[in-house]
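Subject: Structure handover

Hello,

Here is the structure for you to take over. My notes on what turned up follow below it.

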Amino acid sequence: MIWTVSTSQNKSNTFLYEGRVDKLQDNNVILIGTASSVSFNFTGTACSVSLQSVDAYEHHNYVALVLDGKYIGKLRIEKGPAQSFPIKITSAKKVHNLTIYKNTEAQSGNILFAGTTAKLTGITSKKKKKIEFIGDSITCGAASDASDVPCDKGEYFDHHNGYYAYGPVLSRAIGAAYLMSSVSGIGMYRNWNDENKEEGIMPDLYGNLYLTKDPSKPKYDFAFQPDVISIALGTNDFSGGDGKKERLPFNAQKYISNYIDFIKMLYTHNPKAQIVITNSPMVGGEKGVVFEDCLNKIKDAFKEDKTHKPIVIFKFKPMTPKGCSGHPDVADQKVMADAYAPFLKKLLNEK
């Protein structure tokens with residue numbers, strides 16, 4: 001059974017799942033996408049959670065913990081069997097809330113939530129406006145957090161912090177629910193270092209719940225139905241790659257054509273959504289001018305469409321990122337969130 005934003009349908013309504021998650025038959029849940037989460041309420045001071053890193057790579061993953069609305073840090077989930085993690089409770093509140101957010105992205109593997117020892121009470125889902133964020137490593141919050149592992153140490157996913165990516169940050173600020181559909185290195189017609197020969201581009205992966213080409217994985221069910229869909233793709237299409245692998249000149253026609261087709265697909269499943277297309281704070285100069293021209297042409301392609309809300313463009317200001325491997329760090333992500341939040345809040349309030 002596939003779940004997006006929903007409460008569990010058992011009698012007790014004890015868990016709330018958000019994001020790209022896969023609820024298994026035994027009531028365990030796999031956290032798939034960036035900042036996907038499981039939340040529950042409990043009483044008392046005894047609480048531990050069981051988590052397991054489950055993927056073909058057999059490596060560790062990370063989650064962020066938020067207790068009673070306060071971020072209390074990250075957990076490293078080592079490869080191997082499920083591990084039990086005690087949660088320190090210091091508040092005297094009668095009822096506590098714990099939310100476990102996946103810090104790493106879908107491409108880094110998945111995390112199984114296998115239960116808790118806490119004494120659970122009921123939890124309900126508050127009705128909120130909803131935003132979906134479709135993007136690449138910037139949207140994932142990839143390479144943004146070197147607080148535990150320095151940038152020159154560890155592996156790429158050691159520096160992920162999806163909880164502090166701009167989408168989740170601004171959504172919490174404006175009180176919106178969110179869904180993250182983002183993949184590092186991905187593009188609209190080609191990826192960071194691949195001309196759509198070996199790797200799947202976003203239009204190839206989006207319809208798979210796990211954001212992969214693996215046909216054994218379930219399809220995404222489009223149950224979330226966002227009020228606003230934010231698309232931030234192009235940084236990798238414009239990229240020069242690693243300088244070693246074949247890289248063709250940027251093909252504006254392919255980018256625009258794929259983008260238009262992708263939006264048409266989104267409209268098929270989300271007919272009432274307001275779509276926002278954005279530039280990139282990391283694409284400037286002549287490329288930035290071409291990028292803006294492409295976005296305008298994509299917007300204009302739908303100007304005669306009276307069935308859906310008009311497409312709008314949001315422009316991030318240029319940024320010199322301070323994170324790992326040339327990515328925005330947590331502070332940079334906050335700058336992006338602060339700039340984008342009023343724009344999205346206004347769109348949501350107009351609905």
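**Pockets**

The lining of the largest pocket is made up of 16 nonpolar, 17 polar and nine charged residues. Bear in mind that this is a predicted model. The volume of the largest pocket comes to about 980 Å³. It has 42 lining residues, and E105, Q107, S108, V183 and S184 are the closest to the pocket centre.

The second largest pocket has a volume of about 850 Å³. Its lining holds 34 residues, with L16, E18, Y101, K126 and K128 nearest the centre. By class, the lining of this second largest pocket splits into 11 nonpolar, 13 polar and 10 charged residues. Among the elements that each give at least two residues to it are β3 (16–18), β6 (37–43) and β11 (95–102). Helix α2 (166–174) and strand β15 (177–182) also each supply at least two. Three of these elements, β11, α2 and β15, come up again below.

**Strand β15 and its partner**

Six of the six residues of β15 are buried, so the strand is largely enclosed by the rest of the structure. The cover applies to both faces: A177, L179 and S181 are buried on one side, and Y178, M180 and S182 on the other. Strand β14 (residues 130–135) pairs with β15 in the parallel sense, over six bridges. Within β15, S182 is the residue that stands opposite G135.

β8 pairs with strand β9 (residues 70–77) in the antiparallel sense over seven bridges. I77 in β9 stands opposite N61. Two residues lie between the strands in this hairpin, and D68 there takes a positive phi near 50°. β8 also pairs with β11, again in the antiparallel sense, here over five bridges. I100 in β11 is the bridge partner of L65.

**Aromatic rings and charges**

How many aromatic pairs does the count come to? The total is 29 aromatic pairs. One of the pairs is Y166 with Y340, which is tilted, at 6.4 Å centre to centre and 45° between the planes. Y166 lies in helix α2 and Y340 in helix α6 (residues 330–350), so this pair ties together parts that are 174 residues apart in sequence. Y166 and Y340 are both buried.

F314 and F316 form an edge-to-face pair, with 5.0 Å between the centres and 85° between the planes. F314 and F316 are both buried as well. Ring pairs join Y166, Y340, F314 and F316 with F133 and F343 into a cluster.

Two lysines sit over aromatic rings. The charged end of K74 is over the ring of Y62, 5.8 Å from the ring centre. The charged end of K130 is over the ring of F224, 5.3 Å from the ring centre.

Regards

Key:
Residues numbered from 1 in each chain as written. Predicted model: local features only at pLDDT ≥ 70, side-chain atom pairs only at ≥ 80, totals over all residues. Heavy atoms only, no water. 1 Å grid on protein atoms, 1.4 Å probe; cavity = no way out; pocket = protein on both sides within 12 Å on 5 of 7 lines; lining within 4 Å. Points joined across faces, edges and corners; volume = space filled by probe spheres on them. Nonpolar A, V, L, I, M, F, W, Y, C, P; charged D, E, K, R; others polar. Helix = DSSP H or I, 4+ residues; strand = E, 2+ residues; numbered from the N terminus. Buried < 20%, exposed > 50% of the residue type's maximum accessible area, 1.4 Å probe, protein only. Pairing = 2+ DSSP bridges. Phe/Tyr/Trp six-rings, centres within 6.5 Å; stacked < 30°, edge-to-face > 60°. Lys NZ or Arg CZ within 6 Å of the ring centre and 35° of its normal.
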